Amino acid sequence: MYQESSINDIKRLRSLFLKKNRYSNRLFVLEGYLLIKEAMNSGYPLDEMYFSHPSIETNHGDDLLSSCQKLNVPIKTIDPKTLHQISDTKNNQGIMAVCKMSDESEVLENQILLLYRISDPGNLGTLLRTAAWFGIKTVIISENSADPYNSKVVRSAMGAHFYLEIRSNINDEIFSALDQKGYTIAGAVMDGLPINDSLKSISSKWALVLGNEAHGFPDSIQKQFHKKITIPGIGEIDSLNVAVAGGILLHHFTALPIIE
């Protein structure tokens, strides 16, 4: 009923855990039932699926196998030991899919999250998930950031990739491009204007920029911000985790009235 994975299949799966191979093939790996199910529910294109546990057909994965068959997604069996060696998780669920990267659209939405040199995969994944929660459609990720298709980022994002237009490895020229297109560029910094005051003069066409926790933004980038914003603190801690800050700021940017 299902095709057995070949040596070449195994080699390709292994290769997709390296960034250069992901981008040369425009493919990345999904691990686990919930993540693969979310991809299928969203209509995101799967290239093929692998499973190892015999019980998966009668357990929680039988609906995935059925859905793959209906969509003509190739299904291949894989030896459990081999899948464990390939997997990036300690306790894999015996199921893995190869997924096509979405095409990077040149069309930008009016509300953009721009992530500048966010190097921690967990933070990047959480920010992608938060962006999707608040209805952001376009996320731009700069050079020298974690790869958004890194397996740790994909797991942290928990399906956000399937609802976002992600543009990655973007150089610093993006700031002048956004300025020319009429975006208000708002950078989150430590010494900016409090967020509640900042929103009084931000148009509905904006790009919120979050930077590296440890290093912030170089002066050359800060000079390109139209607005410098901050989240006022009350306690003694000197900074917020960037993913937490991103959630707070996106709530304000998307939920409060913003002038046209």
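Helices and strands are DSSP runs, numbered from the N terminus, a helix having at least four residues and a strand at least two. The exercises below apply this to a predicted model.

**Exercise 1.** Determine where leucine 108 is placed, and whether it is buried or exposed.

*Solution.* In terms of the numbered elements, leucine 108 belongs to the loop between strand 5 and strand 6. The cut-off for buried is under 20% relative accessible area. Because the relative accessible area of leucine 108 is 16%, this residue is buried. Once neighbours within four places in sequence are left aside, its contacts are Thr138, Ile140, Arg167, Leu178, Lys181 and Tyr183. Serine 87, by contrast, is 21 residues from leucine 108 in sequence, and the two C-alpha atoms are 35 Å apart in space.

**Exercise 2.** Work out which parts of the chain are tied together by the salt bridge of glutamate 106 and arginine 167, and how accessible each partner is.

*Solution.* The two side chains meet at 4.0 Å, N to O. Glutamate 106 lies in the loop between strand 5 and strand 6, while arginine 167 lies in strand 8 (residues 165-170), so the pair ties together parts that are 61 residues apart in sequence. As for accessibility, glutamate 106 counts as exposed at 63%, whereas arginine 167 counts as buried at 13%. Arginine 167 is also one of the residues in contact with leucine 108.

**Exercise 3.** Describe how helix 11 begins, how far it reaches, and what covers its buried residues.

*Solution.* At the N-terminal end, asparagine 241 caps the helix, with a side-chain oxygen 2.8 Å from the backbone nitrogen of alanine 243. The helix, residues 242-255, has 14 residues and reaches 20 Å from its first C-alpha to its last, close to the 20 Å expected at 1.5 Å a residue. Among its buried residues are Val242, Ala245, Leu249 and Phe253. The elements covering the buried residues include strand 6 (111-116), helix 6 (121-133) and strand 9 (184-194).

**Exercise 4.** Identify the nonpolar surface patch that includes Leu240, and state which accessibility class leucine 240 falls into.

*Solution.* The patch is formed by Leu240, Val244 and Ile248, which together have about 210 Å² of accessible area. Residues three or four places apart in an α-helix point the same way, because there are 3.6 residues a turn. Leucine 240 itself, however, is in the loop between strand 11 and helix 11. At 40% relative accessibility, leucine 240 counts as partly exposed.

Definitions and conventions:
Residues numbered from 1 in each chain as written. Predicted model: local features only at pLDDT ≥ 70, side-chain atom pairs only at ≥ 80, totals over all residues. Heavy atoms only, no water. Expected span 1.5 Å × (residues − 1). Buried < 20%, exposed > 50% of the residue type's maximum accessible area, 1.4 Å probe, protein only. Contact = heavy atoms within 4.5 Å. Polar contact = N/O pair within 3.5 Å; in protein donor to acceptor, adjacent residues only side chain to side chain. Patch = residues over 30% accessible without salt bridge, like charges linked within 9 Å, V, L, I, M, F, W, Y side chains within 5 Å. Areas by Shrake-Rupley, 256 points an atom, 1.4 Å probe, with all protein chains shown as cover.
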